[in-house]
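Biologist: I am new to this structure and would like to be walked through it. Could you bring it up, please?

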Amino acid sequence: MTTPTLTLLTLNPHHKTVRADLKDAVGLHKTLMRLVPDDLGPTPRARAGLLFRLETAPTPKLLIQTCHQPDPTRLPRNYATHQMRSLTPMLNALRTGLTIRYRITAAPVASLTAHATPHPATGKVRGKPTPLTGDDAIAWWQRRATTAGLHTLTINATPTPRRFPRKSDRDPGPHAVLTQFDGLARITDPTQLTTAITTGIGRAKSYGAGLLSLTPA
């Protein structure tokens with residue numbers, strides 16, 4: 001039986017692994033995957049429902065969501081302190097017409113096909129994913145929010161500095177530019193919203209994007 005769980009990790013800024021993870025997206029992802037069971041198949045992050053968001057003020061914290069209750073004892077010793085709660089009561093309380101506050105750090109992108117070449121076999125044109133900023137990023141979030149069962153009432157968009165710089169072009173770290181969206185919204189479809197919360201929104205989920213959190217307005 002799944003138990004959707006939200007975990008808050010307050011990181012120890014003096015821990016050498018914490019310092020390393022805050023500079024390396026791939027390293028942080030590997031550390032957080034220690035929270036969930038091994039042997040989850042070819043897509044372990046998705047199977048575990050692992051989503052997370054890094055918040056740095058006033059101290060670095062990680063908000064982490066999983067399908068099952070995670071095991072913080074598998075983290076490095078003294079890596080962080082933790083608080084944990086079930087998401088089930090919040091998911092059960094979602095109702096059409098309810099106004100909520102939301103927050104999501106997302107990776108808005110568009111697939112640009114102007115210079116794309118059709119696939120030689122299928123003929124399909126696959127555009128290059130291009131990060132969106134400013135008004136384009138806001139329009140992207142409005143579309144995604146609608147699909148997720150939300151009608152946005154207010155939107156505050158904050159570009160997020162790239163916290164995980166690549167060491168070289170060959171590193172598998174994120175290409176995406178992250179933007180944090182905060183505001184008020186009205187629920188239009190609780191079923192769609194539940195799916196969006198539990199599966200995440202957009203790209204770069206392994207690198208701190210896609211976790212939608214809600215609080216009462």
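This is a predicted model: local features need pLDDT of at least 70, side-chain atom pairs count only at pLDDT 80 or more; totals for chains, interfaces and linings use all residues.

Biologist: How many helices and strands does the protein have?

Modeller: There are six helices and eleven strands. Helices (H or I, at least four residues) and strands (E, at least two) are DSSP runs, numbered from the N terminus. Of the 217 residues, 41% count as buried; buried means under 20% relative accessible area, exposed over 50%, and partly exposed in between (1.4 Å probe, protein chains only).

Biologist: Which residues of the largest nonpolar core touch the most other members?

Modeller: They are Trp 141, Leu 212 and Leu 214, in a core of 28 residues. A nonpolar core is a set of buried Ala, Val, Leu, Ile, Met, Phe, Trp, Tyr and Cys residues joined through side-chain atoms within 4.5 Å. The elements giving two or more residues to this core are α4 (88-92), β5 (99-106), α5 (134-147), β10 (179-187), α6 (190-199) and β11 (212-216). A second, separate core has 17 residues, including Met 33 and Tyr 79.

Biologist: And what about α6: which of its residues are buried?

Modeller: Leu 193, Ala 196 and Ile 197 are buried in α6. They cover an arc of only 100° around the axis, so they sit on the same side of α6; the arc is that of the directions from the helix axis to the C-beta atoms. At the start of α6, a side-chain oxygen of Asp 189 comes within 3.0 Å of the backbone nitrogen of Thr 191. After α6 comes Gly 200, whose phi is positive, near 90°.

Biologist: Why is α2 described as largely enclosed?

Modeller: Six of the eight residues of helix α2 (residues 25-32) are buried, so the rest of the structure largely encloses this helix. Its buried residues pack against β1 (5-11), α1 (16-21), α3, β2 (51-55) and β3 (61-66).

Biologist: Changing topic, how many salt bridges are there?

Modeller: The count comes to four, a salt bridge being a side-chain nitrogen of Lys or Arg within 4 Å of a carboxyl oxygen of Asp or Glu. One of them joins Asp 38 and Arg 74, with the closest N and O atoms 3.1 Å apart. Asp 38 lies in the loop between α2 and α3 and Arg 74 in the loop between β3 and β4 (80-86), so the pair ties together parts that are 36 residues apart in sequence.

Biologist: Which residues are linked in a network of salt bridges?

Modeller: Arg 53, Glu 55, Arg 103 and Asp 182 form that network. Within it, Arg 53 pairs with Glu 55 at 2.9 Å between the closest N and O atoms, and Arg 103 pairs with Asp 182 at 2.4 Å. Arg 53 is buried at 3% relative accessibility, whereas Arg 103 is partly exposed at 29%.

Technical notes. Residues are numbered from 1 along each chain as its sequence is written. Side-chain values use heavy atoms; hydrogens and water are left out. Contact means heavy atoms within 4.5 Å. A polar contact is a pair of N or O atoms within 3.5 Å; within protein, one must be able to donate a hydrogen and the other to accept it, and residues adjacent in sequence count only if both atoms are side-chain atoms.
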